[in-house]
Amino acid sequence: MIDGKLWRETCATDERLALASGAEVSFTACGVDFVFGAGSGAPAFELRAPDAAWQRFFQRVPPPWYQSFFGMLMRVPGTEIHGDELAFAQHAHLVRRVLEIGRTLASGEPEPVAGPLPEAHATTGGYTTVRLDGVPHRVFYEESGTGPDMIFLHTAGADSRQFTYLMNDDRLRANRHMVAFDLPWHGRSAPPPGAAPGTYALTTDRYAETVVALADALGLHRPVVVGASMAGEICLELALRHPDRFGGVVACEASDKVPGRQVSWARDPRVDQTLFVPEWVDGLMAPQSPAEYRAEVWWGYSQGGHGTFAGDILFYSGDWDATDRVAGIDTGRCPVVMLTGEYDYSCTAEMSRRTAEKIPGAAFAVMPRLGHFPHAENPPLFVPHLLDALSLIDDRTERLA
């Protein structure tokens with residue numbers, strides 16, 4: 001499939017494998033051994049998958065699920081880590097880069113190169129205070145644009161920087177007053193005073209209360225709420241709990257339940273969270289998404305506070321379970337649009353479709369060439385989907401007025 005000698009030689013001169021500094025590990029992929037540092041004798045682990053799966057993986061533009069080894073682990077039978085799984089978690093960043101190089105060699109096409117990012121300067125920011133269970137929390141928010149209110153909610157372990165390019169989009173700025181904020185414990189919103197690092201755990205109740213408290217603190221009038229992943233889930237919860245407080249929701253990458261996404265390595269003291277967590281989420285993006293945006297998503301995830309990502313996943317793939325409740329959403333009072341990227345292997349498009357079918361009046365669409373972070377991994381491609389969703393919500397709202 002790939003000349004092993006050429007593969008190893010290319011890895012040896014790759015500047016992005018500078019991340020291997022200090023590593024002492026060896027592993028096997030597709031029958032080829034890779035050694036970093038002095039290694040450790042026999043390979044610590046081997047990446048295994050059916051031949052047909054590897055053939056799909058090494059395409060220049062692989063089909064959904066095959067864009068990353070993590071995706072294959074979750075969705076492709078016969079894919080496994082054979083050997084020391086801890087060593088794999090500690091070196092997932094090296095595995096990903098080695099496999100990327102293999103894909104370039106196998107396809108014979110140049111690797112995508114990161115280009116310049118758009119200028120971003122249209123937002124203003126500040127702090128407000130929200131009270132949760134009587135405890136004041138200082139919360140950072142940004143805003144941009146004019147028109148009806150809209151709230152952007154960031155994904156697990158991230159912050160509102162994910163929406164920088166949406167909040168600078170002229171089409172959105174001309175028609176919406178956009179607000180994005182960092183949940184407590186995230187980004188520029190610190191934990192509440194006295195909270196012990198590592199104790200953060202998000203629940204459905206706390207998440208919903210926080211969004212409502214923020215909307216109240218800023219005096220937002222029936223804002224439309226937009227979010228992906230765990231934020232897409234809470235969009236559905238807000239539509240169910242507070243149909244008259246919010247003007248509609250755009251729930252991306254969401255379903256009534258998402259099993260199998262809690263991972264112990266995100267909290268294990270033997271694993272560097274600043275490397276593992278961004279690797280855990282990197283493969284959720286579509287391979288067509290521009291390298292410059294993908295790099296920003298990776299970098300943002302490398303900066304999360306200790307235990308914050310894991311604490312969010314306790315909600316996303318644990319506490320959140322609306323299997324028997326989403327049918328109670330009244331879309332006549334709070335319109336619901338669901339959008340899911342075709343490359344999302346965590347919450348698949350089919351999972352979202354089945355959920356939307358439970359909600360009377362909900363709209364659903366698959367977003368081609370997008371993954372789990374559509375708003376951040378490829379903003380130019382996502383904005384038309386968002387504009388269509390907002391137009392649909394506006395039309396339904398006007399008909400009901």
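Predicted model: local features only at pLDDT ≥ 70, side-chain atom pairs only at ≥ 80, totals over all residues.
Residues are numbered from 1 along each chain as its sequence is written, and side-chain values use heavy atoms, with hydrogens and water left out.

**The whole chain**

Switch to a cartoon view, where the chain shows 15 helices and 12 strands; these are DSSP runs numbered from the N terminus, with helices (H or I) of at least four residues and strands (E) of at least two. Turning to the C-alpha trace, you will find that it spans about 70 × 45 × 45 Å along its principal axes. Of the 401 residues, 56% count as buried, a word that here means under 20% relative accessible area, whereas exposed means over 50% and partly exposed lies in between (1.4 Å probe, protein chains only).

**The nonpolar cores**

Next, select Trp 7, Phe 36, Leu 99 and Tyr 207, which have the most contacts inside the largest nonpolar core, a set of 101 residues. Such a core consists of buried Ala, Val, Leu, Ile, Met, Phe, Trp, Tyr and Cys residues joined through side-chain atoms within 4.5 Å. Apart from this core lies another, of 25 residues, among them Phe 152, Phe 163, Val 226 and Leu 370.

Return to Trp 7 and display its surroundings: leaving out residues up to four places away in sequence, Trp 7 touches several residues, including Phe 34, Phe 58, Leu 99 and Leu 105, where contact means heavy atoms within 4.5 Å.

Now select His 93, which is placed in helix 5 (residues 92-107) and is buried, with a relative accessible area of 6%. Not counting residues up to four places away in sequence, His 93 touches Leu 19, Leu 275 and Glu 279. If you draw a C-alpha to C-alpha distance from His 93 to Leu 17, it is 8.8 Å, although the two are 76 residues apart in sequence.

Finally, select Asp 282 in helix 10 (residues 273-282). Asp 282 counts as buried because its relative accessibility is 6%, and, leaving aside neighbours within four places in sequence, Asp 282 is in contact with Arg 96, Arg 294 and Trp 298.
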